[in-house]
Amino acid sequence: MQTVTPWSATAQEDIENSELLLERKILDYTYQFYNTGDSLWIVALLPKNGKIAFRAAFAMNSCFEITNLFDDEEMIVIQLNSKLGSYEVRVDFPDAATPILHYITTFTANTALMIPFWPRDIMPLTQNGSVENTTGTIHMEQFGSRSGILFASITKPKTGSFFYFQNLTSLSEYCEATQTESKNTVGGTWPEIGFQLPATDKLPLPSGKPFTISDAYVVLETEIIKETSAVCEHFLDNLVKIYKVLQQPRIEYHDWPEIAQKVLTDLYHNKGAWTQTKGIPYLNAYLCDYETPAESMVQLAVLGPFKEYEKWTSEKHPLYTDLITGLPAFYDPKINCINRWLPALADKLDQSEEQKKEMVMDSWYLHHPLMNLTRLALHGDKTAEKLVLDSIDYVIKVAHHFKYSWPVFYNMETLDIIKAETAPGKGGENDVAGSYAHLMLLVYKLTKEKRYFNEAEKAAKKLEALGVEVLYQANNTAFAAGVLLELYKITGKKLYLDISYTCLTGLFKNIQLYDCKYGYGKNYTNFFSIFPLNDAPYTAAYEELEVYAALSEYYIQAKDVDILPSIRTLIPEFIKYAVNRIAYYYPPLLPKEMLSEEVKTGEIQADLWVPLEDLYNGWEKSGQVGQEVYGAGMAFGIVPRQYIKIDEDFLLFIDYPIAQPTKRGKSVTIKIDGDKDMIYNLKIIKTKDHKIQMKVFQNKEALTPFKKNLKIHEYKISGKGSIKVQW
């Protein structure tokens, strides 16, 4: 038997003994409304007699009087009074094809109120008995500032499952007025689960003004979900159902080619970005951090996307030569592999952190530089190819030693484990098996040697047992999803596609699907942000770039694969918002008052086009970790993925993941194979003095620009169909 608090101990009895106010049937589900005195409940009756209740309003230390009840079949509006203030609950069912319940509650206080407690708003019910006799499985719930989700199955009685989404964008005014936060608001302990309004401990809720205190969406299902593959498929599908009825923030365009030029100028000429060892320049990890020896990952994190950008511009720049020249010095003959730190400066490591010691390896750092080196080798760089081939046997040796399950830290010479788990019982760096498999598949493409493909398969299979907790670091999980998709395409083994969906689930449950409009968060768009780790308190520039790039590649690789429809919605939408959003890591686009005065590493120069590592929403200042030089590749990565050159006079921009466009004569054709209900932005941008005289067609239908001036013509396009631009 579960233990309960007084706020739910009598809930079922109170509902059963209250008068039915209203009943509405939607498809196979019936919704009943009850006023139990201190709560307004919406009780959902599922097929096969399952019941679950949602507390749409709570009267605190008072009782409700219903002053008005309005129902026009599209919207139910219930107005309530209590001694403390007035409430309005608006209920609708926004999708005729799906049983989605949506309730939004506003409260206007009669006097300024401190609110020290609020009960959660979901209560599983029984046919006969009490709520403490119910049991259930919570598949997912909110952590920190991530989406306000709760996905669960009610197993006793065998009721079914529900996907709950609290639209935390709507809570912003409440949080701004009371100096509270919307993080960790959706969760709980069975059977008291759901959303809990943040308690006020600094400022009271002002009187006389309506505040939204809940904006909830619920998808009900009769199936009790158990298997990982089913959990993932239902999660992704339900997330899309909610996403399609959610109001999404507007898209703000950033001129990425111009940003890329600013970044290149600042990065190359600012002395704080560089240090020298034996006359060779190396990028610092953080601006003005001259004490920490150069890292191989840092050089390649910029060099990889810069190679793509250089190819797009068709212009050479000394940045590439400077960085590639320094890479051979990372090769460590003690282990016959490139090292994280410059071996010549190992004695300079200050040992202030576990990994800042000679021969200590953080598992994902071994594979990451080699992935970028292999990509450069596939572009034809011989220096990169030699380093990869000289290092790869050591990497395989380590994988075999750890049986494809890597710890957090180990000694590179002895392979002794220094730190086994991220937390007790949580395992090591779970998704490193995915980045290893990704590296092996890249080396297989480079060499055509079957042994690397076999290694990729062995590592990929290790990911199956991890379930939806696969994510250790978001970029590694994104790489894992991509390699699994490719392995499925090569082998036809559905197991790889299923694990790929598991990786994508790990990513999409780690996002912030709301726009924080309070505190410092209101200074930039943060909708659809993704966090670098499953417990990270902030989003991070470099990991966001890599997830964006990896998911772009995933989508292109999936063009001929029958993937889940939900993925054809979610990935392009993530890309659309990432292109809009991640420019705000560059401090010139942020107000100076939201930048941290205290910096963990190096210093912040607010006018420099080098990104902050960390963006917080809410009340915390950003840039606490430092200004991340190795994240400077963001613009270099975005430009070649979202911009198409149309001769020397015009650029075509589209905020959708696009494969290689088809150019014929004076036309460009782009195939878009996503969700027809989603809308994307296409822009024709003038780069020289010629007049824009182009025609745009989607599925042979001429489109009219919704906005245009002498420099830019802007179009809205559907997420599915063929786009043709003629000039």
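**Close-up 1. The hairpin of E29 and E30 has two residues between the strands.** Gly 665 takes a positive phi near 55 degrees in this hairpin. The model is predicted: local features need pLDDT of at least 70, side-chain atom pairs count only at pLDDT 80 or more, and totals for chains, interfaces and linings use all residues. Residues are numbered from 1 along each chain as its sequence is written, and side-chain values use heavy atoms, with hydrogens and water left out. Strand E29 covers residues 662–664 and pairs with E30 in the antiparallel sense over three bridges. Thr 662 stands opposite Thr 669 in E30. Strands (E, at least two residues) and helices (H or I, at least four) are DSSP runs, numbered from the N terminus. Two strands pair if DSSP finds at least two bridges between them.

**Close-up 2. Strand E30 also joins strand E36.** Seven bridges link E30 to E36 (residues 720–726), and the two run antiparallel. Thr 669 has Lys 724 as its bridge partner in E36. How much of strand E30 is buried? Five of the seven residues of E30 (residues 667–673) are buried, so the strand is largely enclosed by the rest of the structure. Buried means under 20% relative accessible area, exposed means over 50%, and partly exposed lies in between (1.4 Å probe, protein chains only).

**Close-up 3. Ser 718 sits in strand E35.** The strand spans residues 712–718. Ser 718 is buried, with a relative accessible area of 19%. Leaving aside neighbours within four places in sequence, Ser 718 is in contact with Ile 672, Lys 676, Met 678, Ile 679, Tyr 680 and Gln 698. Contact means heavy atoms within 4.5 Å.

**Close-up 4. Lys 707 belongs to strand E34.** E34 comprises residues 707–708. Not counting residues up to four places away in sequence, Lys 707 touches Ile 712, His 713 and Glu 714. Lys 559 is 148 residues from Lys 707 in sequence and 31 Å away in space, C-alpha to C-alpha.

**Close-up 5. Helices H4 and H15 cross at roughly 55 degrees.** H4 covers residues 228–245 and H15 covers residues 565–581; their axes come within 9 Å. That angle makes H4 oblique to H15. Angles under 35 degrees count as roughly parallel, over 145 as roughly antiparallel, 65 to 115 as roughly perpendicular and the rest as oblique. Axes are lines fitted to C-alpha atoms, for helices over the stretch in contact, and angles run from 0 to 180 degrees between N-to-C directions. H4 contributes Leu 236, Asp 237, Leu 239, Val 240, Tyr 243 and Lys 244 to the contact, and H15 contributes Ser 566, Ile 567, Thr 569, Leu 570, Glu 573 and Tyr 577. These residues divide into seven nonpolar, two polar and three charged. Ala, Val, Leu, Ile, Met, Phe, Trp, Tyr, Cys and Pro count as nonpolar, Asp, Glu, Lys and Arg as charged, and the others, Gly among them, as polar.

**Close-up 6. Three strands form an open sheet in the order E20-E21-E22.** Pairing is antiparallel. E20 (360–362) and E22 (417–419) stand at the edges, each with a single partner strand, so one side of each has no neighbour in the sheet. The twist averages 30 degrees from one strand to the next. Two bridges join E21 (residues 409–411) to E22. Tyr 410 stands opposite Ile 417 in E22. Helix H8 (residues 363–378) lies across E20 and E21, at about 75 degrees to E20.
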